[in-house]
Amino acid sequence: MEITPGNVMLVVAVLLFLSVIIGKAGSRYGMPALLLFLGVGMLAGVDGFGLQFDSAAVAEFIGMISLSIILFSGGLDTDFKQIRPVLGPGLVLATAGVLITTVLTGGFIHEMMRIMAPEHAFGWPESLLLAAIMSSTDSASVFSILNSSGIGLKQKLKPTLELESGSNDPMAYLLVVLLISVIESGTAIDGPLVLSSALTLVLQLAVGTLGGVAVGYATVWVVNRINASNEFLYPVMVIACCFFAFTLTNLAGGNSYLAVYIAGLVVGNKRIVLKRTITTFFGGFTWLVQIIMFLTLGLLVNPHELVHIIWPGLLLGVFMILIARPAAVLACLAPFKRYTAKARLYVCWVGLRGAVPIIFATYALMSPAVENARFMFNLVFFITMLSLLIQGTTVNAMARWLGLTEKPEVRQFNIDLPDEVTAALKEVTVTPAHLTDGTCLRDMSLPPDTLVILVKRRDSYLVPTGDTRLFIGDTILLISREEEHLAEVARARFR
């Protein structure tokens with residue numbers, strides 16, 4: 001079936017509808033939704049319903065736009081206070097971890113392909129290129145699975161993994177671009193090339209960081225002063241600023257993916273008008289672009305071609321999951337004593353591959369100098385599916401098995417104050433210590449400038465008065481000018 005302007009909307013509607021329905025059904029059995037989106041794309045392709053799509057350039061463009069939104073949204077939802085303690089290990093994993101994974105995997109690919117598939121035997125540049133394509137963990141997969149898992153993780157593992165996946169694309173991107181240029185020029189990988197590449201990496205990271213910070217602060221300034229008549233124009237402005245972060249940083253020679261993540265981090269951690277509207281919009285929009293991106297990548301692959309790479313794909317996938325990823329993680333986390341052996345093992349396991357390696361593989365498809373580029377793409381696609389199937393479905397089970405789960409904080413009142421309101425909200429569960437002076441709200445000695453504005457009792461919500469009786473287990477919503485006063489109430493130390 002050929003897509004035409006007359007039926008494109010119907011095709012898109014059917015694919016999105018199937019993605020949501022299948023994703024919902026699969027989540028009941030622990031299947032990652034993103035893996036199912038890939039499956040829907042494959043089902044709709046040439047070996048399924050017959051949709052023909054073979055443009056690597058279009059797939060790469062859709063992936064670039066989608067990743068910009070995904071990374072920006074990931075930064076927007078990240079509390080900098082949570083990632084500050086793990087900046088060191090997160091950034092080491094995002095740089096040295098990618099390099100170690102590339103070197104180890106490249107060596108394995110070089111020897112494996114020479115023995116198992118001599119007709120596709122790769123030289124060292126091609127072997128390292130394929131390894132670099134698969135070297136980074138995928139932000140879309142990690143953000144999606146961790147945020148929808150419904151469990152908490154001890155030892156600040158969640159911010160560590162999100163920081164790594166959100167910031168390791170620049171290293172992988174640089175290695176992919178560098179190795180493709182080496183293959184196209186026919187030059188050898190020597191000392192001067194390694195040195196110049198290292199300097200380029202430092203420059204890209206520095207410019208990307210500065211560009212992200214600059215655009216992030218500019219976004220906050222513009223949004224707080226635009227004074228638009230319609231609140232839904234604010235998310236549109238933020239999207240524009242996200243794309244400014246990507247394009248301007250790219251023009252300046254920095255890494256654009258790092259820039260959009262940092263820009264989102266700045267915006268998400270500053271006071272900005274209508275933040276709830278903006279974050280809610282980006283939450284839905286991020287899911288939309290994820291679905292479109294994975295559907296597109298699923299359409300790009302021809303499933304019958306995967307049959308020929310099952311055995312090398314299985315061997316390479318197992319090597320990356322059980323050897324390359326653990327070796328890189330253990331080496332990178334060795335200087336950081338904050339993580340227990342079980343926590344390190346969990347980080348080794350959550351090395352999810354996803355859309356980013358497939359998008360990087362399209363760079364090889366678009367280069368005429370890269371031989372066996374289609375074979376590389378199919379191998380990357382197979383290993384991505386293997387990673388999502390094996391690791392993605394066991395993220396929660398592995399955390400429970402290692403004893404790293406904790407009960408996440410569940411909000412009883414889905415209420416947030418606008419950033420321009422200089423007050424704080426906090427939910428507190430009533431304990432016997434709160435009722436030592438009586439069971440009525442008026443008997444509760446609250447700190448100055450602190451009020452109880454709502455009470456939740458089982459499934460009922462009450463607007464309290466002084467005569468409202470409180471019971472152990474009730475949840476009260478407090479507002480105060482001073483956040484420390486709310487902490488005192490939570491500790492029942494306000495007398």
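1. The buried residues of helix α6 are Glu126, Ser127, Leu128, Leu129, Leu130, Ala131, Ala132 and Ile133. Buried means under 20% relative accessible area, exposed over 50%, and partly exposed in between, with a 1.4 Å probe and protein chains only. The helix spans residues 124-133 and is mostly covered, with eight of its 10 residues buried. Those buried residues pack against α5 (87-116), α9 (169-185), α17 (355-365) and α18 (373-390). Helices (H or I, at least four residues) and strands (E, at least two) are DSSP runs, numbered from the N terminus.

2. This is a predicted model, where local features need pLDDT of at least 70, side-chain atom pairs count only at pLDDT 80 or more, and totals for chains, interfaces and linings use all residues. Residues are numbered from 1 along each chain as its sequence is written, and side-chain values use heavy atoms, with hydrogens and water left out.

3. How confident is the predictor? pLDDT is its confidence in each residue, from 0 to 100. The protein chain averages a pLDDT of 84, and 93% of the residues score at least 70. Among the elements of the chain, helix α7 (residues 139-147) has the lowest mean pLDDT, 70. Helix α11 (residues 233-251) has the highest, 93.

4. Back to α6 and its partner α18. Their axes come within 10 Å and cross at roughly 35°. Axes are lines fitted to C-alpha atoms, for helices over the stretch in contact, and angles run from 0 to 180 degrees between N-to-C directions. The crossing is right-handed. A crossing is left-handed if the near helix is turned anticlockwise from the far one by less than a right angle, and right-handed if clockwise. Glu126, Leu129, Leu130 and Ile133 of α6 make the contact with Met376, Leu379 and Val380 of α18. Contact means heavy atoms within 4.5 Å. The residues divide into six nonpolar, no polar and one charged. Ala, Val, Leu, Ile, Met, Phe, Trp, Tyr, Cys and Pro count as nonpolar, Asp, Glu, Lys and Arg as charged, and the others, Gly among them, as polar.

5. Next, α13 and α17. Their axes come within 11 Å and cross at roughly 50°. That makes α13 oblique to α17. Angles under 35 degrees count as roughly parallel, over 145 as roughly antiparallel, 65 to 115 as roughly perpendicular and the rest as oblique. The crossing is left-handed. Met293, Phe294, Leu297 and Leu300 of α13 meet Ala355, Ile358, Ile359 and Thr362 of α17. Seven of these residues are nonpolar, one is polar and none is charged.

6. The axes of helix α15 (residues 310-333) and helix α16 (residues 341-349) come within 8 Å and cross at roughly 130°. α15 is therefore oblique to α16. Their crossing is right-handed. Ile321, Leu322, Arg325, Pro326, Val329, Leu330 and Leu333 in α15 meet Arg344, Val347, Cys348 and Trp349 in α16. This contact has nine nonpolar residues, no polar ones and two charged.

7. Most residues other than glycine have a negative phi. Leu274 has a positive phi of about 55°. Leu274 sits in the loop between α12 (256-268) and α13 (275-300). Its relative accessibility is 31%, so Leu274 counts as partly exposed. Arg458 also has a positive phi, near 55°. Arg458 lies in the loop between β4 (450-457) and β5 (460-462). Arg458 is exposed, with a relative accessible area of 70%.

Technical notes:
pLDDT is the predictor's confidence in each residue, from 0 to 100.
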